[in-house]
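Q: I have a model open and want to learn how to read it. Where do I begin?

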Amino acid sequence: MVEPVGNHYVVARPVYSENLFNEEHEKLHRYHKNFWDHLKIYFRCSPQRVKKIALGLFPIISWLPAYRFREWILSDIVSGINTGLVAVLQGLAFALLVNVPPSYGLYAAFFPNLVYFIFGTSRHISVGPFPVLSLMVGGAVTRLVPDDTAGNGTSTNISAINEERVMVAASVTFLSGIFQLLLGILQFGFIVIYLSQSLISGFTTAAAIHVLVSQLKFMLQLPVPGFNKPFGIVYSVFSQITKTNIADLVTSLVVLLIVFVVKEVNDRYKAKLPTPIPIELLMTVLAALISYFVNFEEKFNVAVVGKLEEGFQAPVAPDVGVFQKCIGDSISIAIVGFAVAFSVAKVYSIKHDYPVDSNQELIAFGLGNIVGGSFKGFASSTALSRSGVQESTGGKTQIAGIISAVIVLIVILAIGFLLAPLQKSVLASLALGNLKGMLMQFKEVGILWRKDKYDCVIWVVTFLAAIFLGLDIGLATAVAFQLLTVVIRSQFPSCTVLANVGRSNIYRNRKDYTDIYEPEGVKIFRCSSPIFFANIEFFREKLITAVGFSPLRVLRKRNKALRKIKKMLKKGELQVTPKGLICMANHTHESDEELDNNRIEELDQPTNVTDLPIQINWGADLPPGITVPRVDIHSIVLDFSSVSFLDSSAMRVLQKTLKEFVRINIDIYVGFLDKLERCAFFDEEIKPSMFFLTIHDAVLHILLKKDIASSPKLKPAEEKGNSNDYIIIPSNGLRSRECTVRLASLVAASQP
């Protein structure tokens with residue numbers, strides 16, 4: 001019963017051990033499904049199951065019939081046109097990161113969008129090229145198809161290299177799509193949880209640095225070969241810096257300056273602007289017009305996009321030979337692409353209150369990359385800026401995505417030739433302009449250091465690994481390091497000694513409060529993390545440090561002392577009197593080795609005093625020459641309420657440790673761990689009766705057990721008809737039963 005009294009409450013209930021509580025309250029015996037049960041349910045076939053699978057696999061069936069045409073269509077059209085224009089420009093720009101002709105970036109912006117429209121679950125992300133993925137694909141491309149270093153730069157040779165690179169990019173994309181599809185079918189969407197926000201932030205920041213460095217050759221128009229080692233391009237750029245094309249350099253700096261300024265205006269006044277200023281589109285149109293009318297290509301020898309291929313090429317089968325060489329690249333691309341896209345999708349799903357399915361997202365992106373790779377596109381995910389445009393301009397569903405794909409289609413089929421005079425340095429500058437958000441993530445280091453130093457270290461290690469080891473190896477290193485930090489955190493669990501605060505049922509770390517009460521002879525020890533094979537020894541050391549002695553050492557000393565006492569009694573050197581043991585002669589000193597008598601294993605057994613004529617009080621004075629460590633506590637309460645699991649290895653060590661305490665007459669009380677009963681943890685020494693419902697139940701039980709015989713204020717209540725209850729009359733005059741008294745009353749009652 002709970003009785004509220006103002007802003008206080010009084011709880012009336014018995015002091016419960018686990019056994020008592022289970023006797024009074026019937027516990028439901030639930031059946032826990034095993035692996036085979038889940039497998040049967042997963043493969044069970046029924047009309048409802050088929051319908052659920054169909055709706056899950058084709059989300060369009062669910063949302064398209066419910067589409068509010070009159071309310072949403074105009075917003076989706078406006079959003080789709082804006083997003084499509086950005087997608088065209090980013091497709092062209094990010095193709096430079098892959099080291100393939102710009103027109104193939106349009107394929108990467110078109111085909112995955114169509115597939116996601118049917119299979120995707122997010123309504124707001126814009127699917128297409130992403131700079132980090134483009135750079136990762138580009139790394140594989142330049143590794144397998146390096147630039148022509150022989151100086152044979154004929155158009156035929158360049159065309160052959162481009163064709164080979166396109167095939168490598170398409171094959172890597174196809175393979176990454178297969179990995180994503182398999183992960184989705186096997187329900188591995190949870191894999192994204194192993195990429196923390198700090199890891200993703202550090203990785204994308206490092207990728208932004210890579211993108212920045214890789215675009216230098218386009219901004220300066222230098223004949224620098226592609227690189228497959230981090231910062232390998234830096235040396236090449238600066239060794240040829242004198243060959244810089246001034247027109248490309250000036251154009252790049254002007255475009256960068258304008259893009260950064262306008263993007264800052266968009267961010268600062270986004271609440272007042274009806275739609276973000278499409279600066280990429282304006283700069284592209286303006287730069288193409290200026291380049292065409294001034295004839296930059298002939299006058300200043302600048303590099304231009306050139307003629308874009310019109311229409312689509314027939315789908316091709318991937319190169320199996322590339323598969324064998326790029327398995328690691330494809331796995332990294334698959335995981336990073338999904339992690340980034342799902343993170344963005346999750347943000348918009350929370351904002352607009354609808355669910356996204358991680359497994360279905362894997363299937364959608366996997367199919368998108370398979371189709372895109374078949375049509376010579378490269379890996380797709382979602383660009384943060386492009387998705388931001390789709391959502392901020394009023395996009396409601398993926399109808400906006402399909403309209404953006406139509407805009408890309410128009411460019412591919414009809415108006416691509418208008419972009420022929422556009423300088424490649426402008427595309428490089430537009431690609432860098434989209435990196436502002438990623439580069440600003442450097443500010444997170446200071447914030448993370450104040451919040452969680454582990455997360456800050458993960459960010460820094462991820463960043464450095466991706467910078468100096470490359471994006472693929474850097475990502476693997478970062479994930480391994482992150483898992484290592486989890487192991488380190490769990491290997492050194494938080495263990496504290498608790499005390500009662502405020503004379504109530506609240507227990508906190510004794511070091512954090514001044515108004516505390518610690519029952520005499522009682523230690524309350526809390527472990528706040530899982531206990532398993534890697535940290536059980538650390539837990540044991542912390543427990544021994546908390547109580548102030550090693551129970552095994554005390555047990556061995558007591559057994560050695562018993563052997564001495566028995567030998568002295570047998571020789572007549574000790575005599576039993578009503579006052580205790582009296583030494584009758586000087587006892588000759590014997591070494592511990594002699595006493596052990598090759599039976600050291602017996603020292604670890606419980607002390608056997610059945611054949612002694614007197615009960616030995618180990619806390620009192622012992623005969624001369626016999627010393628044992630003093631033990632000032634009689635009870636230990638272990639708070640396991642925060643322990644989520646305990647493995648079998650840890651269970652064995654815990655059982656052994658508890659037995660050592662029990663064998664030196666220290667009572668152990670545990671609150672509470674449910675798994676122990678199912679694992680044959682209990683025996684004649686470790687009994688279920690030591691388990692209590694809460695810490696407070698255990699402490700009340702200890703105090704009553706120790707004080708009931710000695711305290712004149714604690715009298716049996718047998719006349720009340722219940723021999724298990726006691727009347728407590730504290731000094732403040734309150735009258736209560738054992739089951740309702742607060743700890744403050746009990747403490748007062750036990751004082752003289």
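A: Begin with confidence. pLDDT is the predictor's confidence in each residue, from 0 to 100. In the protein, mean confidence is lowest in strand β14 (residues 726-728), at 30, and highest in helix α17 (residues 358-374), at 94. Helices (H or I, at least four residues) and strands (E, at least two) are DSSP runs, numbered from the N terminus. This is a predicted model: local features need pLDDT of at least 70, side-chain atom pairs count only at pLDDT 80 or more, and totals for chains, interfaces and linings use all residues. Residues are numbered from 1 along each chain as its sequence is written, and side-chain values use heavy atoms, without hydrogens and water.

Q: What is the average pLDDT of the protein?

A: The average is 81, and 86% of the residues score at least 70. Over residues 712-752, pLDDT stays under 50. For that stretch the model has 80 contacts (heavy atoms within 4.5 Å) beyond four places in sequence.

Q: How do I read the packing of helix α12 and helix α20?

A: Helix α12 (residues 246-268) and helix α20 (residues 424-433) pack at about 30 degrees, with axes 9 Å apart. So α12 is roughly parallel to α20. Angles under 35 degrees count as roughly parallel, over 145 as roughly antiparallel, 65 to 115 as roughly perpendicular and the rest as oblique. The contact includes V255, L256 and V259 of α12 and V426, L430 and L432 of α20. Its residues divide into seven nonpolar, five polar and two charged. Ala, Val, Leu, Ile, Met, Phe, Trp, Tyr, Cys and Pro count as nonpolar, Asp, Glu, Lys and Arg as charged, and the others, Gly among them, as polar.

Q: At what angle do α6 and α19 pack?

A: Helix α6 (residues 103-119) and α19 pack at about 150 degrees, with axes 9 Å apart. They are therefore roughly antiparallel to each other. Among the contact residues are L106, F110 and F117 of α6 and I402, V408 and I412 of α19. By class, this contact has 13 nonpolar, three polar and no charged residues.

Q: Which residues of helix α18 are buried?

A: Buried means under 20% relative accessible area, exposed over 50%, partly exposed in between (1.4 Å probe, protein chains only). In α18 (residues 384-392), R386, S387, G388, V389, Q390 and E391 are buried. Their cover includes α5 (69-98), α16 (327-352) and α19 (399-415). After α18 comes G394, with a positive phi near 100 degrees.

Key: Axes are lines fitted to C-alpha atoms, for helices over the stretch in contact, and angles run from 0 to 180 degrees between N-to-C directions.
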